[in-house]
Amino acid sequence: MRTRRAPLRPSRAFAWAMLIIALLITAFPFYWMVRTALTPAAELVADSGRLWPSNPTLINFQRVLGLVSREEAVAAGGTGATINFPLYTLNSIIYAGGVAIIQTLSCAAAAYAFARLRFRGRDTLFLIIIGGLMIPGIFTLLPNFTLIRDLQLMNTMLGMMLPAMLMTPFSIFFLRQFFLSMPVEVEEAAMLDGLGPLSRFARIAIPMNLGPIATMVLITFVGMWKDYLWPLVVGRQEHTRLLTVGLSVFQQQSPNTAPDWTGLMAGSTLSVLPALLILIFLGRQLVQSLSFSGNK
């Protein structure tokens, strides 16, 4: 027997309409970036009013990656500049992935301590750490730069990763909320079995909160992937350059009077793809695991 569908109420229809409009507004800049990357440089102005280029081409991606000769790149409207995409992508993965994993684990340990351990001044220390959310990142740029320079870690991956590697106030606050919702009885049983704080954290807290921890890794990874100012200041040499910095260098190699917009959009599209693929393949699983963890 078929079940009758409930009629679509005006409020629900309005909510769906607003959601679709918000989705289109959010996705349109990315669509326009891809559309510009597929447009021949000579037709960029003529096709500026079209939603899709008249003669889509992959030449902009090919010349950015150095897959065509310099003469062919210049003939296609470029300057002959290229992006060392494999090296910059590897550097970005090491930078974003290393910071995301180490920072999340250290913040999870701190969050567990604030949620479960009893020690003098715990709440005051937690408020001080949360107060760090009100400090703009630009304020810590110069002190961090001086510290990394004095440690002789300029133009190294460790020097770029070190200031953000250990903790961030938001991650501690976020994970602490989930550790607080854990059943106390489980930890009490573990204490009776002789497990100490570190063992309870590693064998109970982490397995029971894999969803929130994985979500925090993903959020941190995406945030570090698009980081620009700090890697620009510390990683100036080719072997430590990230994708975001490489795009800036690529832009600087084109004349100010005629920027290579099609090449820049092709490079930007390539730089977004790794993080976008991670969100596409892992986003749904992370949301489901986060919802499951929140309902425990």
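## Helix α8

Helix α8, spanning residues 169-180, contains 12 residues and extends 17 Å from its first C-alpha to its last, close to the 16 Å expected at 1.5 Å a residue, where the expected span is 1.5 Å times one less than the number of residues. Helices here are DSSP runs of H or I with at least four residues, strands are runs of E with at least two, and both are numbered from the N terminus. The model is a predicted one, in which local features need pLDDT of at least 70 and side-chain atom pairs count only at pLDDT 80 or more, whereas totals for chains, interfaces and linings use all residues. Residues are numbered from 1 along each chain as its sequence is written, and side-chain values use heavy atoms, with hydrogens and water left out.

The buried residues of α8 are Pro 169, Ser 171, Ile 172, Phe 174, Leu 175, Arg 176, Phe 178 and Phe 179; buried means under 20% relative accessible area, exposed over 50%, and partly exposed in between, with a 1.4 Å probe and protein chains only. Arg 176 has its charged end over the ring of Phe 126, 4.2 Å from the ring centre, a charge being counted as over a ring if NZ of Lys or CZ of Arg is within 6 Å of the ring centre and within 35 degrees of the ring normal.

## Aromatic pairs

Across the whole structure, a search finds 11 aromatic pairs. Because the centres of the rings of Tyr 112 and Phe 179 are 5.8 Å apart and their planes stand at 90 degrees, this pair is edge-to-face. The pair links distant parts of the chain, with Tyr 112 in helix α4 (residues 85-116) and Phe 179 in helix α8, 67 residues apart. Rings of Phe, Tyr and Trp (its six-membered ring) pair if their centres lie within 6.5 Å, and planes under 30 degrees apart count as stacked, over 60 as edge-to-face and the rest as tilted. Tyr 112 is buried at a relative accessible area of 2%, and Phe 179 counts as buried at 1%.

Elsewhere, ring pairs link Phe 28, Tyr 31, Trp 32 and Trp 52 into a cluster. The ring of Trp 32 also has the charged end of Arg 35 sitting over it, 4.4 Å from its centre.

## Contacts around Leu 243

Ser 92, a residue of helix α4, is buried at 3% relative accessibility. Although Ser 92 and Leu 243 are 151 residues apart in sequence, their C-alpha atoms are 6.3 Å apart in space. Beyond its neighbours within four places in sequence, Ser 92 is in contact with Gly 97, Trp 225, Leu 242 and Leu 243, contact meaning heavy atoms within 4.5 Å.

Ser 271, in helix α14 (residues 261-294), is buried with a relative accessible area of 9%, and its C-alpha lies 6.3 Å from that of Leu 243, 28 residues away along the chain. With neighbours within four places set aside, Ser 271 is in contact with Phe 85, Trp 225, Leu 243 and Leu 247. The Ser 271 side chain also reaches the backbone oxygen of Ser 268 at 2.7 Å, a polar contact being a pair of N or O atoms within 3.5 Å in which, within protein, one must be able to donate a hydrogen and the other to accept it, and residues adjacent in sequence count only if both atoms are side-chain atoms. Thr 244, found in helix α13 (residues 243-252), is buried at 19% and touches Trp 225, Lys 226, Asp 227 and Tyr 228, not counting residues up to four places away in sequence.

Arg 122 lies in helix α5 (residues 122-131) and is buried, with a relative accessible area of 13%. Its side chain reaches the backbone oxygen of Phe 114 at 3.3 Å, and Arg 122 touches Ala 113, Phe 114, Ala 115 and Leu 117 when residues up to four places away in sequence are not counted.

In the loop between α6 (141-150) and α7 (157-165), Gln 152 has a positive phi of about 60 degrees although it is not a glycine. Asn 155, which lies in the loop between α6 and α7, likewise has a positive phi of about 60 degrees without being a glycine. Gln 152 is exposed at 69% relative accessible area, whereas Asn 155 counts as buried at 16%.

## Annotated spans

The unreviewed UniProt entry carries the annotation "transmembrane region" for residues 12-34, 93-114, 126-148, 160-180, 201-225 and 261-282; UniProt positions are given in the numbering used here, feature names are shortened, and annotations may be inferred rather than shown by experiment. In the model, residues 12-34 are 100% helix and 0% strand, with end C-alpha atoms 33 Å apart, while residues 126-148 are 61% helix and 0% strand, with end C-alpha atoms 27 Å apart.
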